Amino acid sequence: MKRRIRRSEQEYSIDCCALCKLNENCPDKYGEKITLKSHELTVHYFCLLMSSGVYQRGEENEGIYGFLVDDIKQEVSRSYRLKCAVCKKNGASVGCYVKSCRKMVHFPCGKQHQFIFQFTDPFPSYCKDHSPTQSLPVSSCVSEPLSCSVCLDPIEAVLSYSVLKCPACHGSWFHRDCVQNQAHSAAMFFFRCTLCNNKDMFQQEMLRVGIHIPERDAAWELEENAYGELLQVYQHCDANKCLSHSGRTNSSRTGSFQILRCMLCGSRGTHRKCASLNAFETDWACEDCAAAVDATGSLFAVLLFSFLTCCAKNTSAILEINRLFLMMGRPSLSGSSAKEILQELASQISQHHPSMPVVVSGNKVLEAAMELVKRSDFKPSHALAVRFTSSKHIPSPGNTQRFLSLLVQQLQNTIFEGPDGAKNLTLDAQALREDVYFDVGCLLSLSLIHGGPPLGFFSRALYQHLFNFPRDTPLTVEDMGNTVFADKVKKIQESKSLEELREAMQSASEYLEVAGCMRPVDSLSDKDALVEDIVSFHLITRMQLPFQRFCEGLKTLGVFDQVQMFPGAFASLFCSSPDKLTAETMSALFTVKFSEQEETTGKESAVVTFWRHYLVEFGRCATSLEDVLIYATSTDVVPAIGFSPNPTLSFLNPLDPAGAFPESQPSSNHLVLPVVPSYQVFKKNMEYAVCQLTVMQAI
């Protein structure tokens, strides 16, 4: 009696996948197609990986990457009895991971009908009804995307199965197929967001929404002789008329017929004689590069642009480089100081729109500021109109400066921890839930642009993590500040023996468990790597989401982007306390405006001498230099953006010099000094005027 032949054996050959019954060999879609001829078995690796009834019970070299042949055959038999919810054919081996859901599909059918396959242990699959989704933060102020950040084609600004976004910056959106292609090309070591360059958070989110990231090096690194052209040297004379009798490719080692390459692009060449160069000249630029240098006026910019463009791996990277260099082309930004860059950003503040009203009750500056940024009509580019309701603050044009100065002081006690002048971000669940990190970053940017004081309280570690400056500087235990955790880590670092090290680890075991750093140590030298991992976890890993939202807030009015481009210029503004006022700096702040009448100029010059002598007497006067600056400008420190307008001095010629007192016009940073006969009278009247203001502010 003949053996009854199964339908599956009749219809499918050994070349077809035993699980999905397709003959296609497409590693990007279905994984590697593997055939075991001795067992007459062929499977797609992804079909096998996602099958619900088979597990990796062997070693990597057994069966198919640890999946035993007998287990695979049993899975084929099991799935033959199950019908696919899509094609209605038998052989569905992939089921929805939600236990109450009974949907079964072939792996290719699932891909066509929006199944999500997570390529992480335990390799679950989710049907369209139960698949994980993405959403935007409630307080996100990210503008809607116009194009896919990978292919640059237009994109629908609605998150769906086909449209995904970066979880770190929320500004990079892309098609699912585009980011999957990017993942296959870049692989685990180079796959990251094309906009913000985040890697860890980005990869975790992409795995969650079903993007497969190969565990290998990037595709361009695996190409044979991929960078062979870099070993070739351009040897060709491109002069309009080559004078070499041996031809354009001939190059002597020295002399007139040695070929020199363009020092900027390296892709053009000339013989010395053909370019009319002397025998000792080695620098030459081709016509294209020379024209670019003349146009930009910056040889360094062209060199850097050429280098970065050659290094860029994709179109989006090249576009980003172009954007940066367009910004660098602005005269006010390239090579400028922090003050000049902030002044350029301050041009966004509109004087033609109504000011944003801010009402401060008592000393509740922080509460008023938080209320301001949470308002639905909040516009950071509008001027501020600050009013203090407390009797301790008399109405004055300097209310905005006083408000911003107090705000920066109070912000230091919100989401920051550590000693004064070296604060780090702290992890606060409530602050995360209420998005305080974003609000604080927004307020700090607002303060810098609207005339607030230098910040001066960021720690070196905080600034380095935000702006990668100084580069390649390792974090240390000292960067953790004076915390309980830091003390425990110091004990680990200071261990003198293996026994001491283990005791120190045991005393900090709870924290090490949370940090994922609890591990056996076999020698004292293991402590260095352990401490490095703990510090990295404490300052970076656990703070990813707070850092992300804080950076988003700092992007208000473009502050974060400019600091990121010029971190060296801004380092002292963020990390160093403002320089204490001196007589020299105070004198240099004010521009003297003499009267036009020649007969009064001599007397006014004498008053300028009195003024400078008064500043030098700091410590022996009833007022301080800060009091004098407040009297003239309503602020006790030079704003980060500088004064606008610059402080000025002018003179008043009174009929009764003995009874004439200085006058201040804080709205225009202007100080009027009376012309008096002696320094004693000048000092007496000056102290009286300044002290009067100080007393009234303290009432």
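Is Glu552 buried or exposed in this predicted model? With a relative accessibility of 9%, Glu552 counts as buried, where buried means under 20% relative accessible area, exposed means over 50%, and partly exposed lies in between (1.4 Å probe, protein chains only). The model is a predicted one, in which local features need pLDDT of at least 70 and side-chain atom pairs count only at pLDDT 80 or more, while totals for chains, interfaces and linings use all residues. Residues are numbered from 1 along each chain as its sequence is written, and side-chain values use heavy atoms, with hydrogens and water left out.

The overall picture comes next. The secondary structure of the chain comprises 28 helices and 18 strands; these are DSSP runs numbered from the N terminus, with helices (H or I) of at least four residues and strands (E) of at least two. The chain has 699 residues, and 44% of them count as buried. Among contacts with a separation of 6 or more, 59% are between residues 24 or more positions apart, a contact being heavy atoms within 4.5 Å.

Salt bridges can now be taken in turn. Side chains of opposite charge can pair when their charged atoms come close. A search of the whole structure finds eleven salt bridges, each defined as a side-chain nitrogen of Lys or Arg within 4 Å of a carboxyl oxygen of Asp or Glu. Glu552 is a partner in one of them, its salt bridge with Lys555 having its closest N and O atoms 3.6 Å apart. Lys555 is partly exposed, at 33% relative accessibility, whereas Glu552 is buried. A further salt bridge joins Arg208 to Glu205, with 2.9 Å between the closest N and O atoms. Both Arg208 and Glu205 belong to helix H7, where they are three residues apart, about one turn of the helix. Here Glu205 is buried at 13% relative accessibility, and Arg208 is partly exposed at 31%. In the salt bridge between Asp377 and Arg375, the closest N and O atoms are 3.1 Å apart; Asp377 is partly exposed at 40% relative accessibility, and Arg375 is partly exposed at 26%.

The structure as a whole holds 30 aromatic pairs. Phe174 and Phe202 form one that is edge-to-face, with 5.9 Å from centre to centre and 90° between the planes. This pair links distant parts of the chain, since Phe174 lies in strand E8 (residues 173-175) and Phe202 in helix H7 (residues 200-208), 28 residues apart. The rings of Phe661 and Tyr688 form a tilted pair, because their centres are 5.1 Å apart and their planes meet at 40°. That pair also links distant parts of the chain: Phe661 is in the loop between E16 and strand E17 (663-665), and Tyr688 is in helix H28 (residues 679-698), 27 residues away. Phe661 is partly exposed at 34% relative accessible area, and Tyr688 is partly exposed at 47%. For these assignments, rings of Phe, Tyr and Trp (its six-membered ring) pair if their centres lie within 6.5 Å, with planes under 30 degrees apart counted as stacked, over 60 as edge-to-face and the rest as tilted. Tyr688 and Pro662 are 26 residues apart in sequence, with 9.2 Å between their C-alpha atoms.

Ring pairs also build a cluster from Phe416, Phe457, Phe458, Tyr463, Phe467, Phe550, Phe560, Phe570 and Phe574. Elsewhere, the charged end of Arg176 sits over the ring of Tyr161, 4.0 Å from the ring centre; this requires NZ of Lys or CZ of Arg to be within 6 Å of the ring centre and within 35 degrees of the ring normal.

Two local sites complete the description. Thr635 is in the loop between helix H27 (625-633) and strand E16 (648-652), and is buried, with 7% relative accessible area. Leaving aside residues up to four places away in sequence, Thr635 touches Gln401, Leu629, Ile630 and Phe643. Phe190, in helix H6 (residues 176-190), is partly exposed at 34% relative accessibility.
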